[in-house]
Amino acid sequence: MPRYPNVFLHMYALSPRRQMKAFTPTDWEPPLDIYETGNKLIIIAELSGVKKDHVSVTIEGNILTIEGERRKCAPSGTVHVHQMEIPYGRFARRIQLPEAADLESIEAKFREGYLKIEVPRSTSA
């Protein structure tokens, strides 16, 4: 079974805060799990508290971008915040997809706070 070559090195290198100088700054980066199964690359982003319509997934060239916003949900009438650990605001992650990726067949599903993106391998690769 062929593997995507050097895919993890490329994915890590494209985190917005690590290398993308022209990329709009964000308030936080959602954690990702990225793994390969069969002929697919699976990307899972943990987006609890983010509404589906506040997330977008785009592809430009072989760069997949996940971006959106988690809005603050402090109760009205809040006078003092004693602890705030959940990140809010704009987020983004950029992932360089391998050359063998079939960009026309990518599927994304959002369920229970997780965005799952399946990137199949091109049949011509």
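This section describes the fold, confidence and packing of a predicted protein model.

Residues are numbered from 1 along each chain as its sequence is written, and side-chain values use heavy atoms, with hydrogens and water left out. Because the model is predicted, local features need a pLDDT of at least 70 and side-chain atom pairs count only at pLDDT 80 or more, whereas totals for chains, interfaces and linings use all residues.

Residues 8-13 form one of them, with eleven contacts (heavy atoms within 4.5 Å) beyond four places in sequence. Residues 15-22 form another, for which the model has 20 contacts beyond four places in sequence. Where pLDDT is low, the predicted coordinates should not be read in detail.

One helix and seven strands make up the secondary structure of the protein chain; helices (H or I, at least four residues) and strands (E, at least two) are DSSP runs, numbered from the N terminus. The elements run α-β-β-β-β-β-β-β from the N terminus on. Of the 125 residues, 36% count as buried, where buried means under 20% relative accessible area, exposed over 50%, and partly exposed in between (1.4 Å probe, protein chains only). The chain exposes about 8300 Å², of which carbon and sulfur atoms supply 49%; accessible areas come from the Shrake-Rupley method with a 1.4 Å probe, and for residues only the protein chains shown count as cover. Among contacts with a separation of 6 or more, 58% involve residues 24 or more positions apart.

Four strands form an open sheet in the order E1-E2-E7-E6, with antiparallel pairing; two strands pair if DSSP finds at least two bridges between them. E1 and E6 are the edge strands, each pairing on one side only. Within this sheet, E2 and E7 run antiparallel and are joined by seven bridges, and Lys116 in E7 is the bridge partner of Ile44. Five of the seven residues of E7 are buried, so this strand is largely enclosed by the rest of the structure.

On its other pairing, E7 is joined to E6 by five bridges, again antiparallel, and Arg111 stands opposite Tyr114 in E7. E6 and E7 form a hairpin with two residues between them. In this turn, Glu112 has a positive phi of about 50° and is exposed, with a relative accessible area of 67%. Most residues other than glycine have a negative phi.

Leu97 touches Leu41, Ile43, Asn62, Leu64, Leu103, Ile106 and Val119, not counting residues up to four places away in sequence.

Ala100 is found in the loop between strand E5 (89-96) and strand E6 (107-111). This residue is buried, with a relative accessible area of 13%. The C-alpha atoms of Ala100 and Thr123 are separated by 8.5 Å, although the two residues are 23 residues apart along the chain.

Technical notes:
pLDDT is the predictor's confidence in each residue, from 0 to 100.
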